[in-house]
Amino acid sequence: MIRNYIKIAFRNLWKERTFTSLNILGLSVAFCVAVLLSIYALFELSYDRFHDHADRIYQSYHTQQTPDGAEASISKPIPFAAALKEEVPGIEKITRLNGHGVLVINGEKQLQLSAAYVDPDFFSMFSFPILKGDKTNPIGNKSSVAITEYAAKTIFGSSDPLGKTITVLSEGEEKPFTVSAITENFPDQSSLVFDLVLAFENQSAAAYADKKEDWDSSNHEVYLQLAQGIDPAQFEKATRAFTALHYKDDFQNANRDGIQPDKNGQYIQQRLLNIRDRHFTTPRNGIADVSRLYPYLVLGVAFLILFIASVNFINMSIAKSSKRLREIGMRKTLGANKIQLFIQFWGESVLVFICSALLGILISYVFLESFQTLFSTRASFQNVLKPGIIAGSIVGLFCVTLLAGGYPSFLLSRLRTLQALKGKLRATKNNHLRNTLLVVQFSIAILLICGTLVLYKQLEFMRTKDLGFNKTQVLAFPLNGTKEDGVVMQLLRNELQDKPGIVSVTASNNILGRGKDGANMTSTMGFDYKGAVVTTNLLMVDYDYTKTLDLELVTGRDFNKGFPTDSLGIIVNEAMARQLKEENPLEARITLDDSIHYSVIGVVKDYNFQELSKNIEPLTLFLKPKWNLRYAYVKVIPQNINTSFEIVKNAWKKIEPNAEFQASFLDENIDRTLKRERTMTTMITGGSIIAIILSCIGLFAISLLVVQQRRKEIGIRKVVGASVAKITIMLSMDFLKLVVVAFLIATPIAWYFAQRWLQDYIYRIELSIWVFLGAGALALAIALATISVKTIQAALQNPARSLKAE
């Protein structure tokens, strides 16, 4: 019996090989895209879930009330962690963490790697397995360092690194360390990633020893593991007495300055963020807002594409069912019941779906590497080859097959014998279903096209936005060599001063955008000014900083080597000047460290020195040419930029021959900060293209069947004088009406979601009706082109052939 079903199924599929091929093509593409997008989404959703106690591990942050509203901060003072564990019950383990780039020196080899300075509880809290060495406390000895497999291979090659010594250069200080342990490379789904792990006390004096008892300076993160059964919300509430004690001055200053407390009467509230939510968090109004919308949106696109392909299958199955009516009637006459007929027709659908699924998985495997490169992801089949996911996929495939293949099978199996033998199907009802499904298909396609256009316009707006500085002519790179930054900058100026194409050279302790080294950080401080607390971001700069970046001076002047007193001068941005509330900002004098007086010598126009997701905050520039400035900036002329790049590269190699040259132009740095938007745009664009292609495949197949069914009508119309154009319009109009209906349904939905999405951006485009009209026009044009392939051919055909065929 089963063998007979399979034989008949293959025979029928081969007989209708045009439609079978179209179905397999559409479904294979849909399965391929769905598999790739699902792998990506599931990879994103699995971030930080591999830790054994992930449900009890939290990052500590706090919400602080300010004159501009509530603000969130993860930065903590040095004594915070020890005091919190001692004074607030419920903490099982706690660790501080300060991560940044360091220079690792091993003989002649110099490598820029990432390091984390942590406390002993780190390895017992987080599940980062130790492969070799001290597995109990690898950083218990102050001179010990634990390194990853990657770092071990990079530094030592194939030799055993245990017990060997490396030199780590950080914040201008060189220290020797002995390799005590080798850890597994951190998982791709870890939001904590670094190459070296050292004891927290091993930081430079400026980062640790000088601030050991200082509650006013914050420079690191704190993670804690709650004891079993401790409720995070209750723990947060229990920290209020702790906060009131250690942040007493902040409470008094806030009360003095008229700042409004939160609904619980708190000026500062300690909060917890679960480690599993860290990757999905954006601070909003002082609270860590956790949203997994992005990966779920990717899963949604995968589902919609699979849905469109399934709709194609349903439409084509119903449309070509008229060719099998007499077969159904004969089989019913010979004794076949409804269940046998259902199994026969559904079996054919199962074969098509299984072939398509296997082909789709094979294609996705072939294109996986290209997909990873395109979307800068490490998602792979390994991330989803888990029993639960595999079982869910099989069940999902069964459900899709049952819905898409089962409905047409059910429809055919319940036909009456006499109706089937007559070869008649109630076309009106089937046309209604077909038309509804086509409308849904094109609604989805138009929705995705609208999303693509809005995403693209927003991305281009952010990429091309005037950020207030010159981002196209300025080259930036980290000072990652062994020489002191001040010495390097002087040597760099000497090398480049007479070189063609070089305009100016400067440095600062932070980079704009995100450089090739992946660094991006800011420093802040607060101080009293005329009876009020003023908070500002800090930036240590060299001479010519404003000149090199083309920052616009609103008033005052730049730092000048001819003015020795400029070492006690500062330049502020407009946001900082507003905080000082001076009619003339150049008259402002601020006092830091209770004794050092600084004078405002200039005000620069506000520029985006942080990510574009933030409003421009107050900023103060200090002249510190001999400071640990970290990053060099070189402005070049717009002509022959590649030549200028090579000139700077050669100069660097001459000064630091063993250090990597990690230079990029500032516009490239800005693009790196927009990685998420670029990825989303590319995915939605790809989804739109696939959706349109699949919709057109279905539309083409339906138009092919409609033309075959109306051959006699077309022949008669041509005989009585109808033109090719009229016949083409007649055949196309029914389908084009459906596209118009789809546009009317999709546009309000697209407008609503686009408006909601744009609200998350401080700098955003204004939605225009032309975006949505353009999407509708594009869908209409593509549909018309698809239908016209067959309708024009039918209209041009000799009427004698169609009439004779009947």
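Tutor: Welcome! Local features in this predicted model need pLDDT of at least 70 and side-chain atom pairs count only at pLDDT 80 or more, while totals for chains, interfaces and linings use all residues. Residues are numbered from 1 along each chain as its sequence is written, and side-chain values use heavy atoms, with hydrogens and water left out.

Student: What makes Asp119 and Arg96 a salt bridge?

Tutor: The term needs a side-chain nitrogen of Lys or Arg within 4 Å of a carboxyl oxygen of Asp or Glu. The closest N and O atoms of Asp119 and Arg96 are 2.8 Å apart, so the pair qualifies. Asp119 sits in the loop between strand 5 (109-118) and helix 4 (122-125) and Arg96 in strand 4 (residues 91-106), so the pair ties together parts 23 residues apart in sequence. Helices (H or I, at least four residues) and strands (E, at least two) are DSSP runs, numbered from the N terminus.

Student: How many salt bridges does the rule give?

Tutor: The count comes to 19.

Student: Why is Lys530 called exposed?

Tutor: Exposed means over 50% relative accessible area, buried under 20%, and partly exposed in between (1.4 Å probe, protein chains only). Lys530 has 67% relative accessibility, so Lys530 counts as exposed. Its salt-bridge partner is Glu582, at 2.5 Å from N to O. With 18%, Glu582 falls under the 20% limit and therefore counts as buried.

Student: How do you know whether Lys635 and Asp550 are buried or partly exposed?

Tutor: Set each value against those limits. Lys635 has a relative accessible area of 11%, so Lys635 is buried. Asp550 has 37%, so Asp550 is partly exposed. The two side chains meet in a salt bridge (2.8 Å, N to O). Lys635 is in strand 24 (residues 631-636) and Asp550 in the loop between helix 16 (545-549) and strand 19 (553-556), so this pair ties together parts that are 85 residues apart in sequence.

Student: Which residues make the nonpolar surface patch of about 530 Å²?

Tutor: Leu359, Leu362, Tyr365, Val366 and Phe367 make that patch. Patch residues have over 30% relative accessible area and no salt bridge; like charges are joined within 9 Å, nonpolar side chains (Val, Leu, Ile, Met, Phe, Trp, Tyr) within 5 Å.

Student: Why is Phe367 called partly exposed?

Tutor: Phe367 has a relative accessible area of 45%, so Phe367 is partly exposed. You can find Phe367 in helix 11 (residues 338-375).

Methods: Accessible areas come from the Shrake-Rupley method with a 1.4 Å probe; for residues, only the protein chains shown count as cover.
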